[in-house]
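Open the model in a viewer and keep the sequence beside it.

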Amino acid sequence: MSEIAPQRPLRTRLLLSAGGFLLGLFVGSVTTVVHQSVITIAEVDMPWGLILGVLVVTGFLVGLRIVVQDRLVVLVAALGLVAMVFMLSQASTGGSVLIPNNLWGTIWAIAPTLIATIVVAWPRLPQRHRGADNGTAVTA
């Protein structure tokens with residue numbers, strides 16, 4: 001079943017896509033910077049930055065998909081997010097890396113792309129209207 005995008009003018013869709021791309025860049029940069037943050041509880045390192053980052057990325061993309069109801073806008077926002085994660089995973093000229101080669105870095109390198117793929121590819125569920133006849137009425 002294909003998804004029917006809301007009937008918006010091309011100009012509006014392009015503007016929404018540009019805003020989604022910029023927000024994707026912002027979300028990708030902030031969550032990449034904090035994904036290595038940990039808190040130690042009972043001598044166990046809890047990666048609160050990674051957990052919060054995954055939740056923020058999921059909430060951002062799912063929320064955008066629900067509000068805008070246009071796969072193009074969500075796809076462009078996801079591309080901005082994943083592009084920022086990719087750019088920040090490269091070594092800088094000084095040799096520093098924001099996404100190190102450890103377990104949490106590997107999870108962070110994969111998780112936003114996986115989440116974006118699922119959110120963009122998720123089928124649109126049919127709308128249920130209140131008071132609609134669902135075909136289960138019993139006639140006498």
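A residue is called buried when its relative accessible area is under 20%, exposed when it is over 50%, and partly exposed in between (1.4 Å probe, protein chains only). Of the 140 residues of the protein, 29% are buried by that rule. This is a predicted model, in which local features need pLDDT of at least 70 and side-chain atom pairs count only at pLDDT 80 or more, while totals for chains, interfaces and linings use all residues. Residues are numbered from 1 along each chain as its sequence is written, and side-chain values use heavy atoms, with hydrogens and water left out.

Colour by secondary structure. Helices (H or I, at least four residues) and strands (E, at least two) are DSSP runs numbered from the N terminus. The order from the N terminus is α-β-β-α-α-α, with four helices and two strands.

Next, select 71-89 and 103-121, which are α3 and α4. Their axes, lines fitted to C-alpha atoms over the stretch in contact, come within 10 Å and cross at roughly 175°. Angles over 145 degrees between N-to-C directions count as roughly antiparallel, and α3 and α4 are therefore roughly antiparallel to each other. For contacts (heavy atoms within 4.5 Å), show Leu75, Ala78 and Val82, among the α3 residues that meet α4. Trp108, Pro112 and Ala116 are among their α4 counterparts.

Last, select Ile39, Ile41, Val44, Met46, Trp48, Ile51, Leu52, Leu55 and Val56, which make a nonpolar surface patch of about 800 Å². Helix α2 gives the most, five residues. Val56 lies in α2 and is partly exposed, at 36% relative accessible area.

Notes
Patches are made of residues with over 30% relative accessible area and no salt bridge: like charges are joined within 9 Å, nonpolar side chains (Val, Leu, Ile, Met, Phe, Trp, Tyr) within 5 Å. Accessible areas come from the Shrake-Rupley method with a 1.4 Å probe; for residues, only the protein chains shown count as cover. A salt bridge is a side-chain nitrogen of Lys or Arg within 4 Å of a carboxyl oxygen of Asp or Glu. Axes are lines fitted to C-alpha atoms, for helices over the stretch in contact, and angles run from 0 to 180 degrees between N-to-C directions. Angles under 35 degrees count as roughly parallel, over 145 as roughly antiparallel, 65 to 115 as roughly perpendicular and the rest as oblique.
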